[in-house]
Amino acid sequence: MTSSSATSDPIIDVRDLHFSYGGHRAVRGVSLSIEPAQVYALLGTNGAGKTTTLELIQGFRRPDSGSIRVLGVEPTADLRRIRQRTGAMLQEAGLFPELTVQATMQLWSDLSSRVDDVDAVIERVGLDHKRATRVQALSGGERRRLDLATTIWGGPDLIILDEPTTGLDPASRQTLWALVRELRDGGTTVLLTTHQLEEAENLADRVAIMHQGRVAVAGTLDEVLATEPARVTFDVPPAVGAAWLTSQVRPEGVEVHQHPVRRPHGDRTEVHVTGPQPVRDLRWVLDAAARAGVELERLRANPASLEEVFHRVRLTDLTDPSDHPSDPSSDDPSEVRA
Amino acid sequence: MTVMTSSNGTTSTSTTGRPAGGPARPGPGRTPATQRRTALGRVLRMTRFELAMIVRQKVALLSIALAPLIAVGMALLNRPTSPAAWMVMLSSMSVLVLIVAVYNTTTSTVVARRETQVLKRLRTSELLPAQMLVSLALPYVLVGLLQVVVVAVAYQLLGAPSALAPGFYLVVLATAVMGVLGGFATAGFAATSERVQFAVLPVLLVGLVAAIFVLNPGAPDHLRALALLLPFAASSDLACRLLGAPGEMFAAPAFVVDLADRVGVPTATLMTAADVALVALWCVLFAATARRTWRWEPRG
């Protein structure tokens with residue numbers, strides 16, 4: 001067995017992928033490049049095309065056009081090789097309900113060419129006290145953990161997790177996140193889809209947000225957050241307003257908005273200053289306030305959150321066929337990000 | 001490199017030095033410990049597992065146990081008096097057993113596996129789709145063959161001539177395969193386990209009636225010839241021919257007799273060839289339907 005990661009090639013390289021279900025174009029021009037030992041989170045609204053993209057990557061479906069290389073091979077051309085080096089956890093566990101935890105792992109062991117120890121893997125996902133319990137008697141969270149145990153069996157090079165923490169309680173979620181980090185630190189590449197932005201923020205080295213079958217924005221978490229302006233916010237008395245600020249020459253890309261708010265100690269005007277460079281923008285506000293002698297209340301400066309980026313993407317119409325945003329880490333410089 | 005030899009004789013290699021069960025540590029420059037697994041070995045392991053699952057599934061086990069009992073019960077009720085009557089009984093009841101135990105059970109199993117997402121999950125394993133389907137089908141084919149052997153032995157104990165004709169067992173094998181393909185095809189029309197019994201009903205009833213009707217010498221030849229076109233009917237007719245039943249037991253419609261005279265071939269040869277073609281045709285039709293309607297996961 002060879003490892004494509006030894007040559008530092010991407011573990012997954014997807015280019016201009018298209019796929020339709022009948023007349024519905026589920027995936028439209030998706031490009032992704034996932035490097036070894038990365039956790040890559042694919043976010044998106046319902047029906048954004050995340051699961052279809054995962055299915056194409058796993059070779060479950062043949063793309064209408066575009067190319068996919070997983071671990072150096074095209075999935076539909078060499079399924080066997082992909083399966084030998086990949087573990088996958090689907091949205092639903094899909095385990096034999098009649099089997100015990102131990103028997104489930106034994107079956108997986110029988111089918112896999114990867115070697116591992118049944119007892120150790122069960123212990124690793126925290127199901128050692130449930131060895132003799134049938135799958136049908138496990139709780140939803142325990143089934144997810146058993147599912148994860150089959151996924152990490154033998155330490156695959158690539159792990160694909162489709163909404164892995166759906167239905168998990170907070171403690172189980174933390175355990176799973178710790179396991180994913182441990183796998184990544186051990187050199188495993190992890191591709192996961194999730195609805196939970198917190199999960200992506202906690203785990204992912206790179207993030208892509210899909211919408212309407214396209215990658216709307218992608219990059220490291222910082223790069224993705226930088227696509228949304230940071231915000232400096234403060235209160236001033238209504239009589240002061242924001243005229244002292246709007247009359248100044250604004251740095252490039254800065255916008256100022258104000259609206260009345262009711263605070264416990266009286267009415268105020270809340271001023272939002274958004275711009276691409278939070279430090280520069282904050283300095284501009286402070287300088288202007290000092291010059292005008294305005295006292296700023298409740299001053300705070302925040303980078304954009306992933307939720308704000310996600311919300312903006314959700315409201316963006318990407319159905320224009322000429323728009324093909326992609327992961328900036330792919331080599332094609334002609335690709336643009338939304 | 002670490003070399004491990006397991007109790008089942010498979011040899012595994014590791015370049016990681018990672019003890020089994022330790023943290024999964026593949027990645028850049030490293031290769032996970034592996035053992036050689038051939039496609040055949042994987043299919044056989046899965047087949048063994050599927051056979052064990054049949055024993056665990058009460059409904060499947062009941063269908064499989066009940067079918068030969070019904071066949072023996074029918075013989076006890078009818079008490080065939082001639083070797084030819086025993087051959088008719090064995091042929092039609094063998095097809096009955098295969099319809100109930102192979103066709104019916106395969107359909108139920110596929111729908112249940114799809115409903116519980118097991119089929120989809122197994123696709124992520126190293127068992128490739130074709131291997132998965134073979135592993136799923138093989139136990140039912142084997143069980144079907146075994147059941148027919150049990151029925152044949154039971155009939156012999158009741159006074160039937162011994163059924164040692166290899167051709168007969170080839171037809172049984174082909175019919176078991178047809179049953180599996182029919183099950184795969186029908187599973188595409190049943191969304192849930194509750195609907196399986198409705199989905200199998202048309203083929204089940206038509207097959208059972210036709211398999212018995214085509215070997216009824218009292219029925220008009222042209223109707224028996226038409227019934228041969230129905231699923232599983234030609235299997236019943238062909239099995240009986242290959243057991244060596246006399247020619248007068250079989251339908252010989254006038255147009256086939258005329259054709260046989262014209263081409264100078266015995267009518268029995270022509271009808272046997274027609275039976276073979278019809279069995280093959282139903283296998284192809286079921287396979288084509290299964291290919292069209294097959295789904296790995298429940299309807300969204």
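In chain A, the mean positions of the 37 positive and 49 negative charges lie 2 Å apart. Lys and Arg count as positive and Asp and Glu as negative, while His and the chain ends are not counted; each charge is placed at NZ of Lys, CZ of Arg, CG of Asp or CD of Glu. This is a predicted model, in which local features need pLDDT of at least 70, side-chain atom pairs count only at pLDDT 80 or more, and totals for chains, interfaces and linings use all residues. Residues are numbered from 1 along each chain as its sequence is written, chains are lettered from A in the order in which they are written, and side-chain values use heavy atoms, without hydrogens and water.

**Overall build**
- The C-alpha trace of chain A spans about 75 × 45 × 40 Å along its principal axes.
- Chain A has 11 helices and 13 strands (DSSP runs: helices H or I, at least four residues; strands E, at least two; numbered from the N terminus).

**Surface and contacts**
- Of the 338 residues in chain A, 55% are buried (under 20% relative accessible area, 1.4 Å probe, protein chains only).
- Among contacts (heavy atoms within 4.5 Å) in chain A between residues at least 6 apart in sequence, 70% join residues at least 24 apart.

**A three-stranded sheet**
- An open antiparallel sheet of chain A runs in the order β2-β1-β4 (strands pair if DSSP finds at least two bridges between them).
- β2 (24-34) and β4 (65-70) of chain A are the edge strands, each with a single partner, so one side of each has no neighbour in the sheet.
- β1 (residues 12-21) of chain A pairs with β4(A) over 5 bridges, and Arg15(A) stands opposite Ser67(A) in β4(A).

Notes. Buried < 20%, exposed > 50% of the residue type's maximum accessible area, 1.4 Å probe, protein only.
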